[in-house]
Amino acid sequence: MSIGDDIRRPRRPAAHELERYEALFATRTGRMRSSVMRDLMAVTARPEVISLAGGLPDTTLFEPALFAAAMDSIADGTTAEALQYGPTEGFEAVKECIVEVMAEEGTVVAADELIVTTGGQQAIDLVCKTLLDPGDVVVAEGPTYPGAVPTFCAYEAQLVQVEMDSEGMQIDLLERTLDELTAAGHRPKFIYTIPTFQNPAGVTMSLPRRRRLIEVARERELLVLEDNPYSLLRYEGEEMPTLRSLEVPHGSRDGGDFVIYTGTMSKILSAGIRLGWVVAPRPVLAKLNLGKVSADLCSPSLTQYFVAAYFAGGDWREYVATAREAYRSRRDAMLDALAELMPPEAHWTHPRGGLFVWLTLPEFIDTTDLLARAVRENVAFVPGEGAYDDGRGHNAMRLNFSSVSEDRIREGIRRIAKIVEEQLALYGSLTGRARPAVSRARSASPPDQPAERELADVVELPRRSGKAARRSRPV
Amino acid sequence: MSRVAVLKGGRSLERQVSLVSGARVEDALERLGHEVVGVDVGGDLFPRLRETAPDVAFIALHGPGGEDGTIQELIEALGIPYTGSGVSASARCSNKVLAKHALRDAGLPTPDWVAFSEDAFRELGAADALEAIEQRLEFPLVVKPTDQGSAIGIKFARSAAEVPAAILAAFSYDPKVLIERFVHGRELAIGVLSRLGGGAEALPIVEAIPRDRDFYDFTARYDIGRTRFDCPAALEPVLAAHVQEVALAAYELLGCYGFARVDMILAESGPQILEINTIPGLTETSLLPQAADAAGIDFDELVARAVELALTRAAVEL
């Protein structure tokens, strides 16, 4: 076929916007983010790349026989139900499983205080949908879960992030921030927090801060969204009560006042079944349920039946224990490799559970650009900028240890460390300054108070030796 | 009807865009009646091309590897005709420094710059020259990796203090970077198409208009809704014609063939060429196909012309 002038359609007469659907898009899509980071992340999916970027549980740990058994038991008499719509709030049998999981975390709830959601992500979305008008303020930790930021943006919320230290979100800072926001005429609606093994920082909120946070919510009549995907993945240290259990100590029939709690099967069973849940004060729960009707009517019946069959068929705690042991070894492998291989300018957190280590580099290194270099070396991480909505985090990265073997973790860290070393040397020659002499010697934590020392090992504080300190305590 | 291999994907940072470009090209080729084989470019490219034995390869790869002459040279060695610019034009255009030298030597306008390799800093102490460079080019400066097609890795430095980190970032993408004078003005993109009978034509001009006037933030280009694109750009006819002439002159100077997109800043003093993309995006929202559409050339026609040009060139060379 040839192009002749005769078949040309008439030229358009005047300047017009090229983007065909631009005029049709809702204003809020302008806040939906697409970024350089996303382009970069697309390249990390290649098999030769050691990806420390995911947040994936290791589903290879799950026995195919258990999967088959659960599916067989569904087929045996409940095929039709599993293929049918279900109730919006979820099947009773699944809610009983969830009650069991929460009891394991020391949190007493009744089945009618929760609704099943399509992953914890939907719970975040529904809470936003229910509470936020455009311009409303959400307060979160800085850094926060990178997957929640686009949700807040999609509802045109303003995200205000409060810095953490070794004990999690700094509540005095939070109060000051809330005062300033109120004075400026803003309207904070809820405080989003991952108090235990925070994503991405790996920090856990201390008990006094948990108590104070609930008081703050009560005093100011604000809701707290407690996101708790990881608390059963604890590798060391004492269990910490959930905010929900602190607010409603022995369970109650009134659903509590100010804490909305969301949990998920993703990290303790399967991320692919997309099953989470949300517990909320009753009036809030009713609205969330309405929001869920418009979102998807109900979460998948098939995967709910799977959960119920799996819980009925054996001890779910056993699988959690298997995963926990595997992740603990991988965390140790990562902390050991970091301590041994990272240059002294790097600092990182020491998570006592969960899936992530947060690593901070000198201010002049942009981790989004660094990822381009890392991908050439076949290793990937999540650049820190995605964990903020205000440009912070550009010199930090999130490292995941749950979905990669110990050998590959070590190799991945070796490659990242090498690139960081190169960048530091190059910056030195660019500024005409040799690298400042930082001692490579690692100090072991004093044996009398290892826990305190390690908790200090967080976001903004100088790092300490992960290896020596960790080994000083039985695990 | 021909058998056409569409080369897409690859390992560059623009992999995603390339996959979308490639899929759209495949659809168009099928509508045009060709036999289409999509190839995600990887280690098995050679055997796949041998086995497929296409009459022509449509290269829908963006960025280093696909757009810089590497693939073109390999395919040429196999004797397969391919779309777009040849090896030397691809290599010249994708290397911004070589392209700028060629433009300056020919008297075409491009912002003043200085280029550096990583080795120059490491081994020759080039850092000492930074101050002199900053004085010559004046702030704000733009720091770019030499060989990166999109806006990836581009940083602004408003003061001397910001320069080292900007250079460091650019070195993450390429061992050579260029430091360029920042030119204030309107951002224009001009698509150019070769004609079947010889020569080339410039398409209607596209203007990128940032919604929130932060000149320094090239990442706005990535954010849906933060930039809008007008076509044809609102320019005086005489000025528009001049801009198109400059784009065409650059296209011809660098020996481009098939199609290309010339990016410019329209300063008060006139147009300044920033770069020439020899394989610009071919997605629904990409600028070249939309500019072609504004000229009455729909996507299928654009693809058909590219294929025919590839076959024509091969016939001449044989």
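User: Among contacts in chain A between residues at least 6 apart in sequence, what percentage join residues at least 24 apart?

Analyst: Contacts can be sorted by how far apart their partners stand in the sequence, and in this predicted model the share for chain A that joins residues at least 24 apart comes to 77%, counted among contacts between residues at least 6 apart.

User: How many helices and strands does chain A have, and what percentage of its residues count as buried?

Analyst: The secondary structure of chain A consists of 15 helices and 15 strands, and 48% of its 475 residues count as buried.

User: Into which domains is chain A divided, and how many residues of domain 1 are in contact with domain 2 of chain A?

Analyst: A domain may be built from several sequence segments, as with domain 1 of chain A, which takes in 37–59 + 319–435 + 446–471, while domain 2 of chain A covers 78–313. Their C-alpha centres lie 27 Å apart, and 36 residues of domain 1 of chain A are in contact with 33 residues of domain 2 of chain A.

User: Which element gives the most to the side of domain 1 of chain A that touches domain 2 of chain A?

Analyst: On that side, α11 (316–341), β12 (356–360) and α14 (450–455) of chain A each supply at least two residues, and α11(A) gives the most, with 6 residues.

User: Which domains does the assignment give for chain B?

Analyst: Chain B has domain 1 (3–83), domain 2 (92–109 + 184–317) and domain 3 (113–181), with 25 Å between the C-alpha centres of domain 2 of chain B and domain 3 of chain B.

Conventions. Residues are numbered from 1 along each chain as its sequence is written. Chains are lettered from A and ligands numbered from 1 in the order in which they are written. This is a predicted model: local features need pLDDT of at least 70, side-chain atom pairs count only at pLDDT 80 or more; totals for chains, interfaces and linings use all residues. Helices (H or I, at least four residues) and strands (E, at least two) are DSSP runs, numbered from the N terminus. A residue is buried if 20 or more other C-beta atoms lie within 10 Å of its own, exposed if 12 or fewer, and partly exposed in between; C-beta atoms are placed from the backbone. Two residues are in contact if their C-beta atoms, placed from the backbone, lie within 7 Å. Domain bounds come from an automatic or database domain assignment.
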